[in-house]
Amino acid sequence: EFHSGYRGYSIEFLNRVPFEVNTNDFHFDTEILLQAAHVGARIEEFAIPTHYGDEICYVNGLSYAYQVLMATIRFRLHRVGVLCDMKLRDLQKTHHAAKSGHPYASDVLAWRACQGARAERVLDIGCGPRFVAGRCREAGSSVHHLHVDDAAEWLRGNQETQPGAADFDTILLLDALEHFEDPERFLVELRTRSRGDAGKPPLLIISTPNVAFIAVRLFLLLGRFTYAERGILHFHHRRLFTRASLLRSLRDCGYVVDSVEGSPVPFAAVLGGRTGRVLEGLSRLAARIWPSLFAFQIVVACHPLPGVRQLLGEAEEVRAEAVG
């Protein structure tokens with residue numbers, strides 16, 4: 001009961017939620033119950049004897065009601081990804097919708113690029129949307145997964161048990177590039193080490209959020225830049241790109257862009273039903289008309305130009321043939 005003060009919490013629950021950042025005011029009750037709802041904790045109620053004496057309550061009822069309302073609104077906004085509340089952050093293990101079987105539009109675009117390239121040996125850096133890797137595996141491709149945190153060490157050859165970059169004809173960087181501290185340095189390293197058989201360059205397929213998406217621009221106009229547990233401003237994202245800045249980075253790092261597409265807001269995966277499909281259709285149309293403003297994600301297919309190492313290697317091969 002909200003105001004009796006008689007409530008018990010399990011140690012397991014208290015260890016799981018950051019109750020220490022909750023308010024010290026009366027609506028602490030509301031905040032910790034919202035935390036319990038967010039993590040799916042079991043709540044049990046039982047009757048207790050209560051005696052109301054002659055004491056006077058000095059609680060400001062209007063202020064208390066307002067704080068309860070605001071805490072509930074913040075809870076709902078956090079759940080839909082509009083803002084990130086420290087009291088609720090990172091309490092749930094959120095999963096990409098594609099992992100539950102419903103692909104985002106960007107996943108479909110990436111899979112089409114894999115089909116067009118007839119991928120046989122696929123490297124999935126970042127272990128992004130499993131929809132694409134799963135489809136590649138179903139099509140007979142061999143797929144190797146590599147976590148973002150291990151990618152830099154792997155690329156330097158410090159993990160000898162791992163296959164090299166040149167062993168793959170297709171490399172996936174789906175929802176991964178934004179997690180690198182220095183993505184340009186990684187792309188340059190990848191370029192110099194990823195020439196396949198007979199010098200054929202691999203296909204690199206990248207999907208990353210568009211930080212210039214209209215909703216982010218509107219929030220900035222209102223003075224807000226709020227991180228969240230999912231979406232473009234996920235609080236784990238280290239670097240963010242616009243369509244133009246991503247293409248410029250790829251070209252500066254020595255990649256030739258084969259195709260670039262903008263994917264719509266994944267309403268169908270988030271909302272489901274006819275409403276989600278209609279909204280996603282409208283978003284897809286807007287993304288085609290003005291991708292830099294209305295694309296929710298950017299999907300790029302590109303391949304690396306030869307680096308110094310490859311040019312020197314090719315020169316040595318030519319010299320050996322001439323001497324022979």
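This report walks through the sheet, one glutamate and the cavities of a predicted model.

## About the model

Because this is a prediction, local features need pLDDT of at least 70 and side-chain atom pairs count only at pLDDT 80 or more, while totals for chains, interfaces and linings use all residues. Residues are numbered from 1 along each chain as its sequence is written, and side-chain values use heavy atoms, with hydrogens and water left out.

Let's start with the open sheet, whose 6 strands run in the order E2-E1-E3-E4-E6-E5 with mixed pairing. Strands (E, at least two residues) and helices (H or I, at least four) are DSSP runs, numbered from the N terminus, and two strands pair if DSSP finds at least two bridges between them. Strand E2 (142–146) and strand E5 (255–263) are the edges; each has a single partner strand, so one side of each lacks a neighbour in the sheet. From one strand to the next, the twist averages 15°.

Strand E1 (residues 121–125) pairs with E2 in the parallel sense over 5 bridges, and isoleucine 125 stands opposite leucine 146 in E2. Helix H5 (residues 130–138) packs on the sheet, where it touches E1, E2 and strand E3 (170–174), and its direction makes about 150° with that of E2. Contact here means heavy atoms within 4.5 Å; axes are lines fitted to C-alpha atoms, for helices over the stretch in contact, and angles run from 0 to 180 degrees between N-to-C directions.

## Glutamate 184

Glutamate 184 belongs to helix H7 (residues 183–193). Leaving aside residues up to four places away in sequence, glutamate 184 touches Arg239, Phe241, Ser249 and Cys253. With serine 249 there is a side-chain to side-chain polar contact at 3.2 Å (a pair of N or O atoms within 3.5 Å, where within protein one must be able to donate a hydrogen and the other to accept it, and residues adjacent in sequence count only if both atoms are side-chain atoms).

## Cavities

On a 1 Å grid over the protein atoms alone, a cavity is a set of points where a 1.4 Å probe fits but cannot get out, and lining residues have an atom within 4 Å of a point. The whole structure has 2 cavities of 30 Å³ or more, a volume being the space filled by probe spheres set on the points. The largest holds about 60 Å³, and its lining includes Glu31, Arg74 and Asp85.

Methods
1 Å grid on protein atoms, 1.4 Å probe; cavity = no way out; pocket = protein on both sides within 12 Å on 5 of 7 lines; lining within 4 Å.
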